[in-house]
Amino acid sequence: MKRALILLASAAFVCAASASSSFAAAAQADTVDSNVPTQLPRTAVPHHYAITVTPHAQRLTFDSTVSIDLDLVQPTRTIVLNAADLKLASATLTPAKGGPALIGTIEQDPKAQTATLTFPRQLATGAYGLNIRYSGKINTQANGLFALDYKNKEGKDARSLFTQFEASDARRFVPSWDEPDYKAKWDLTARVPASEMAVSNMPAASTRPIGGGLKEVRFQTSPVMSSYLLFFATGDFDRITKPSGGREVGIVMSRGNGPKGQLALDAEAQILPYYNDYFGTPFPLPKLDNVAGPGQSQFFGAMENWGAIFTFERILLNDPAITSEAERQAIFGVEAHEMAHQWFGDLVTMAWWDDLWLNEGFASWMADKATQHFHPDWGADIDHVQAREAAMALDSFKSTHPIVQQVRTVEQANQAFDTITYQKGESVLSMLEGFAGAETWRAGIRDYIARHAYQNTRTEDLWAAMERAGAKGLAAIARDYTNQPGVPLIQVGPSQCVGGHTVATITQSQFSSDQRAEVAANPKRWHVPVRATAGAAPTQVVTSGPTAQITVSGCGPLLLNSGQTGYFRTLYTPTQLHALQSAFQSLGPVDQYGLMNDQMALATTGYQPMAAALDFLGQVPSGGNAKVVQAAVGAWSGLYDDFDKDPATQAAIAARVSRLYGPRLQQLGFVPRQGEPPTDSLLRGSLIATLGKMRDPVVLAEANRLFAAWRSDPNAIPGSLKQTWLRVIARNADQATWDALHAKAQAATGSVERTSVYQLLGASHDEAQANRALELALTNEPGKTTSAGIITTVADQHSRMAIDFVLAHLAQVNQLIDISGRSRFMQRLSAGSNDPALIPILENYAQANLAATDRKPIDQAVDRLRFEATSLPRVRSEVAAWLRAHPA
Ligand SMILES: [Zn+2]
């Protein structure tokens, strides 16, 4: 799964938490590992499901039957399986060897999300067929079978149906053993309107008319797979295809959008053979579709259903009228991520959610690798460091968790889709690949995939494969980084030049934002691979004890973590820092980026003065590498936000950024140029956004000019910059501008453009307009999956207002968010704020609405707010002093 570009979550979700008491002391299940956690008694093992479903799209319900071939592995009278929001009408069990069918009584437990079937007598072990007739509901957010409404090509209201099952929502579609370890074969038959196209994991085996305007589509039997990977969609679709890697790849989208799918189709065709080779096992299914859904989710952007990826339109379809350069790159990156899952996740699946990172960390890492391979000019190596920084930011608080973590409730499984699982996972894999060497690493991956195909694994299985491939010593590093949380801190002692080598002592400790004294007194220890350069060839050592000596060729400035694949922070002496500042322009862009961010994090947490970081930030020239300039502008933008109650200092920062980087924007021009480097396109967008936010007069004048022109000419704003310019307009909107933007949202035809403009209505800095946006979000006008996005947009600048509003309308707002995202919505709403007054509000909210086991997102938000309350006064005064001492 690819996380939503915007992450939300909130509210009164009562989950299956208490089901933990029913963890069975398992018996010897034939294909299921009894050591794997489960919320079901291990009495039965399913092998094959045959589902026949009839959706009633207009009534938002469906009828269905399922026949399950299973083995009873213990004598029992009851069978317990998962079911949520389903009405089970009948259940019969027939021994495979023949005999009369037994009718089961049905008892459903909504809280545990289970159905217990009790039969009239004790059942012997052996093979049975279980038939269940049931009905369910079609949701309007992305859980189970769900509907997405949109305007079709002719401007008429249309509705398509899709499924979303990860982590634990297959049970909303079919009574099942809905845990990843219970792999089975699946047959799906769907009765759908004759005019529609139905899509599933496998190609259709047969289609026949069944009267009443319906047809029955029977799909081919899938290979064994976990329940969360099953997929079904039906709608007024077009499908475009290409042969690739001995298979057929396809993009499915609402009718008439074919040309917008071409970019994604080409990428899919490019990536498949590359992965076939990298993984050493060819993609095993006959076809691979990527299905576009209109709308969005606050929980995820795309989902790796085997053979039938689902992706929201914004990050799958390339629409020249609205798609930005960043989104065009995301189309490739997200597709590369979901396609990596076809092996890592789908063919080989984690046994339980504890090891979710095996799926997500790996797919993120692999997507970066594919992006670097096919698009070396996109700067994915720098994005990769950005991912590491995001992970370290969260990982330095006491509310962090290890990559491999205990997941015992449905809600904890949903919450596991976080920055630690994705970005720390990806960063650690990158470090380990660097340690093993790319060839050895790939050999280990090929071995792992071949050995565990169609099965389930745990983290240790991957390390075993790497050690077998020859990466000796890797498992010790890997275990330290995956089983314990936190960020190592490497402190460098004074260095000396001895015979052409730089010699220094490094001391290992732990970096923390909110527990500096505690971790300094009692730091965790890691095996840390440390790469260092001093103007010549790099040296790598693995340090595990408190101190180690490093000897590095050359006597130039000493740089640790050169190449930036290490997961640790580096604290230098003032002399070393000064040497690095002087040499900054000669470092590669990745090291410039990594060093700048590392020093900023050490300064904001108080390990060193802010001046140490600002001296690096001040080194980034207007004409520097586009990605590094983008990062520097982003850092200034963050500092600008820190002074939200000090307009004088904000003005000083704004003037500085305009003077320093305004010329770069002038040089790039306001209009994208044919054939320009993609990193220039991204930088242009960042500069417009930041200078617009800081009210740079040149940028504001251009924004107003473009907006006036756009009101009569829909092509007046270049499509790839439309969202950027409109955000500048929306941010500074008064009532008349807001009304004009609202009218454009109402009139928008494309579903991505419509959603984008509606969300921007929440972006006004003006409280009155922000309030109007919140009120609008609770009406039916924006559309069921757009409203939550409006609320989050408001929260970026008016966090307290958005949170108060959501708390006042909690039940209504919960209907606007997928169930899996609700517990994180409040964390998302607080993300833009540094107001300590939010702490008790968030804590009360958690107390009232979240089970004690499920409060991690709120703990994380509270830790951050507490930290900012203590650190910001110092940061502000040191930044202000530095600005006075360094006039631009
Ligand atoms: Zn994923």
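Author: A cavity, as the word is used here, is a set of grid points where a 1.4 Å probe fits but cannot get out, and a residue belongs to its lining if it has an atom within 4 Å of a point. The model is a predicted one, and it holds five cavities of 30 Å³ or more. The largest cavity has a volume of about 60 Å³. Its lining is made up of Arg388, Leu559, Leu560, Asn561, Gln564, Phe568, Thr570, Tyr572, Gly594, Leu595, Asp598 and Gln599. Sorted by class, this lining has five nonpolar, five polar and two charged residues. Strand S30 (559-560) and helix H12 (589-604) each supply at least two residues of the lining, and H12 gives the most, with four residues.

The buried residues are Met610, Ala612, Ala613, Leu614, Phe616 and Leu617. They pack against H12, and also against helix H11 (574-582), helix H14 (626-642), helix H15 (647-668) and helix H27 (856-885).

The elements that give two or more residues to its lining are strand S10 (144-151), strand S11 (157-164) and helix H20 (751-760). S10 gives the most, with five residues. By class, the lining of the second largest pocket divides into nine nonpolar, 13 polar and seven charged residues.

The nonpolar core is the next part to follow. The largest nonpolar core has 270 residues, and Trp177 and Tyr275 are those with the most contacts inside it. Helix H1 (residues 262-279) gives the most to this core, with 10 residues. Once neighbours within four places in sequence are left aside, tyrosine 275 is in contact with Gly280, Ala336, Met339, Ala340, Trp343, Met366, Ala367 and Ala370.

The strands can be read next, beginning with a sheet. Strands of a sheet pair through backbone hydrogen bonds, either parallel or antiparallel. An open sheet of six strands runs in the order S1-S20-S21-S19-S18-S17, and its pairing is mixed. Strand S1 (2-3) and strand S17 (237-244) stand at the edges with a single partner strand each, so one side of each is left without a neighbour in the sheet. S17 pairs with strand S18 (residues 247-254) in the antiparallel sense over eight bridges, and the bridge partner of phenylalanine 237 is serine 254 in S18.

Strand S16 (residues 232-235) shows how side chains are placed along a strand. In a regular strand the side chains alternate between the two faces of the sheet. Phe232 and Thr234 point one way from S16, whereas Ala233 and Gly235 point the other way, and all are buried. S16 is paired in the antiparallel sense with strand S13 (residues 197-200) over four bridges, in which alanine 198 has threonine 234 of S16 as its bridge partner.

Strand S26 (residues 501-511) can be followed through several pairings. Eight of its 11 residues are buried, so S26 is largely enclosed by the rest of the structure. Strand S24 (residues 487-492) is joined to S26 by six bridges and runs antiparallel to it, with proline 488 opposite glutamine 510. Strand S25 (residues 496-498) is also antiparallel to S26 and is joined to it by three bridges, with cysteine 497 opposite threonine 502. S25 and S26 form a hairpin with two residues between them, and in the turn glycine 499 has a positive phi of about 55 degrees. Seven bridges join S26 to strand S29 (residues 547-553), again in the antiparallel sense. Here threonine 502 stands opposite valine 552 in S29, so that one can follow threonine 502 from cysteine 497 to valine 552.

Key: Residues numbered from 1 in each chain as written. Predicted model: local features only at pLDDT ≥ 70, side-chain atom pairs only at ≥ 80, totals over all residues. Heavy atoms only, no water. Nonpolar A, V, L, I, M, F, W, Y, C, P; charged D, E, K, R; others polar. 1 Å grid on protein atoms, 1.4 Å probe; cavity = no way out; pocket = protein on both sides within 12 Å on 5 of 7 lines; lining within 4 Å. Points joined across faces, edges and corners; volume = space filled by probe spheres on them. Core = buried A, V, L, I, M, F, W, Y, C linked by side-chain atoms within 4.5 Å. Buried < 20%, exposed > 50% of the residue type's maximum accessible area, 1.4 Å probe, protein only. Contact = heavy atoms within 4.5 Å. Pairing = 2+ DSSP bridges.
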